[in-house]
Amino acid sequence: MEFIWNNDGKHIRLFFVWVMPMAIIAHEFCQLMGLASGTWDILDLTSYSIAIIIYLLTKKL
């Protein structure tokens, strides 16, 4: 995503770096509580978290 939005404004980049991943993680927890359709999976949550951490360690906003 960084490559795609590199030349655009900071707001768009922040949206894709923070809002979308947090919405995906929130959806995973909603699945756990039965508020959203789908199957709760700790491996999905772990994968999302690792991807965010790797991004934060390699890029500076």
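Mentor: **A helix and its surroundings**

F15, W18, V19, M20, M22 and L56 form a nonpolar patch on the surface, with about 500 Å² of accessible area together. Areas come from the Shrake-Rupley method with a 1.4 Å probe, and for residues only the protein chains shown count as cover.

This is a predicted model, in which local features need pLDDT of at least 70 and side-chain atom pairs pLDDT 80 or more, while totals for chains, interfaces and linings use all residues. Residues are numbered from 1 along each chain as its sequence is written, and side-chain values use heavy atoms, without hydrogens and water.

Helix α2 (residues 10-33) gives the most to the patch, with 5 residues; helices are DSSP runs of H or I, at least four residues, numbered from the N terminus. M20 lies in helix α2 and is partly exposed at 33% relative accessible area, between the limits for buried (under 20%) and exposed (over 50%). E28, also in helix α2, is buried at 3%. Beyond its neighbours within four places in sequence, E28 is in contact (heavy atoms within 4.5 Å) with T39, W40, D41, D44, L45 and Y48.

Note on methods. Patch = residues over 30% accessible without salt bridge, like charges linked within 9 Å, V, L, I, M, F, W, Y side chains within 5 Å. Salt bridge = Lys/Arg side-chain N within 4 Å of Asp/Glu carboxyl O. Helix = DSSP H or I, 4+ residues; strand = E, 2+ residues; numbered from the N terminus. Buried < 20%, exposed > 50% of the residue type's maximum accessible area, 1.4 Å probe, protein only.
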